[in-house]
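Please keep the sequence and the model in view while reading.

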Amino acid sequence: MSTPFRQCAETIQRLSRAVEKLGTLVGVLRVEPLEGREWYDVLRQKLSPQLTDDAFLVVAVVGGTNIGKSVVFNHIAGTRASSISPLASGTKHPVCLVPAGFCDDHDLAAIFEGFRLDEWTRSDEAMQDDDEHRLFWKTSDETPDNLLVLDTPDIDSDALVNWYRADIIRRTADVLIAVLTQQKYNDAAVKQFFRKAAAEDKAVIVVFNQCELPEDEAYWPLWLATFADETKIVPEIVYVVPNDRRAAEANQLPFYERQWRNGSESTTASADDLEQNAARDLSADLSRLRFADIKLRSLRGSLNRLLDDDTGVRAYLREIEQRSSEFLATAKRLSLDSVVPVNNWPTIPNKLLVAEIRQWWRDTQTGWAHNVHAFYDTLGKGMLWPFRFAGRKLRGEQQPPLERYRELEWPTCLKVIEDVFQNLTWMSESGSGLMRPHLERILAGTSRRELLHELKRRHDAIELEEELHDVVLERMRAFQTNSPELYRFMRQLNNVSAAVRPVTSVVLFTMGWGPAGDVVAQYVAHAAAHAVVPIVADFAGGTAAAVAGESALSSVAGQSAGFLQAKFQELQTTFTARRAAWLADQCKELLLGTLPAEMQSAADIPRSDAFRDVAAIVDALEEQLAHSTKESLV
């Protein structure tokens, strides 16, 4: 059956994996890395490796410079395991005694994550200077099966590497043996270390070493009271140890236990009492500690630090949300048309639209009407050729209309590019420091000249005729589908005009209009094209009126002229919008690149599965802790 302890352990493992996954997503937000955050180091160095069903205690001997930490460690080990030096700062790297067989069932590297583990073969190895964070270990038959015992570097050293190593040891240890002396109990660095330990609710055993007994019996309670007040540490056990170098080197120092709650309740002893008070076996005392309570206490302190609302994992989630909100605002601004303002785009000439509409209508004709109109269109072009030829001779060769339209577009393109650079520069200068590097990256990237060169190349390569054809095809098909009655009327009118078109053409030629009449007819057709009537060229000769009747034409005109005018304008608007959208897309691709997508991706992190998983697991962990008791967790 799953115990509350196992449930908590499983939740911690899930949280560790979820946090790592989330950490890979938030680089773009420029949040501080996970490494170095106290709650994350607690999760990685304490909770993940130690919150297991088969729990054990990590006991670390800690203290300031040259106060006999290694002496105390050797007494716990029952042998001279660690070198003893009369000089300060002897131990440079932590050393660990491991119970026999412990490594068969446990991953020592995971327990001491942050250190490189080396097997301990010589007692002086840990005294060598080395910037690499190393931990020396060896198996000891004398070490109790449920204890890992550590000797540690000085926690008040000037060496920064010692501070880092001390922090790892503090987070990893379940029990801290605080070795104090008259000179070191009030040291600032020592007190700072133990304040952090108190915040994590570590179990602390105080050993007052190098005491002059019985003289110091009246003073150590005062020293300890000052230390406790300054650090908020409440010792589990207090030992007083005499200053005896020979006994220390022989590993025969006596450890006298003292009862202490605060200075006023301290129990002192006379010289006679000291002789009668048998020395304690420190190793045996440690093995009889309230194992379950201390392990739970250590883990609860670490869990509370992990779940602290101001400094824990929830604060990390809030930081991500706050950073993401800044990216969301920028993503919205980049998606607005105001960033790429495409205004005053030139309108396609009417005659180009009319010609394309007429061509679409011809393409939709079938049967004899198609043949008649095709024949007379060809005939008309042949009759008009001399006039067009004469016009070209008089005016010279004219640039194709679509190419003239292309030249009209380019100044607008240049104006848009200039406006985009101005907008991005303003956003960079007025935006937050978080956004500025991303905007400066694109502003300092491809030069404006290179950008314009590539844009000009793409603009020249556009097939405007295909663009126009696609727009007319799309909108005329929509007209055919959405206005079927009007479309059928136009089709019938077209068929009627095809039937009488030969008569009309003969009459016009006989009246002397001939080719000129066709010119007039085409002029009228262009003027009438605002009504999208593709056969109005025949209206010039009155053919449609003669066949359909004046009243019929008047009725249709009255009902649909405004509608058709709107449709023609819609064609112009659609084509203009399509061309403007092309330029906006080019700006986003050539200048903005992937920036809008990156901004949106960063803005979406609080809604990602990884973020939701971390938040949900934290909720579950808090609920498990709220419904558990000390007895049920172990």
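Glu 200 and Arg 170 form a salt bridge, with their closest N and O atoms 3.2 Å apart. A salt bridge here is a side-chain nitrogen of Lys or Arg within 4 Å of a carboxyl oxygen of Asp or Glu. The pair links distant parts of the chain, 30 residues apart: Glu 200 is in the loop between helix H7 (188-199) and strand E7 (203-211), and Arg 170 is in helix H6 (residues 160-172). Helices (H or I, at least four residues) and strands (E, at least two) are DSSP runs, numbered from the N terminus.

Glu 200 is buried, with a relative accessible area of 1%, and Arg 170 is buried at 0%. Buried means under 20% relative accessible area, exposed over 50%, and partly exposed in between (1.4 Å probe, protein chains only).

## Basis of the values

The model is predicted: local features need pLDDT of at least 70 and side-chain atom pairs count only at pLDDT 80 or more, while totals for chains, interfaces and linings use all residues. Residues are numbered from 1 along each chain as its sequence is written, and side-chain values use heavy atoms, with hydrogens and water left out.

## Other salt bridges

The salt-bridge rule gives a count of 39. One of them joins the side chains of Asp 41 and Arg 44, at 3.3 Å from N to O. Both residues lie in helix H2 (residues 38-50), 3 residues apart, which is about one turn of the helix. Asp 41 is buried at 7% relative accessibility, whereas Arg 44 is partly exposed at 23%. A network of salt bridges includes Asp 41, Arg 44, Arg 170 and Glu 200.

Arg 475 forms a salt bridge with Glu 570, with the closest N and O atoms 2.1 Å apart. This pair also links distant parts of the chain, since Arg 475 is in helix H19 (residues 464-482) and Glu 570 is in helix H23 (residues 550-592), 95 residues apart.

## The sheet

An open sheet of 9 strands has mixed pairing and the order E3-E4-E2-E5-E1-E6-E7-E8-E9. Two strands pair if DSSP finds at least two bridges between them. Strand E3 (116-119) and strand E9 (256-258) stand at the edges with a single partner strand each, so one side of each has no neighbour in the sheet.

Strand E2 (residues 95-99) and strand E4 (residues 134-140) pair in the parallel sense over 5 bridges. Within this region, Val 98 stands opposite Thr 139 in E4.
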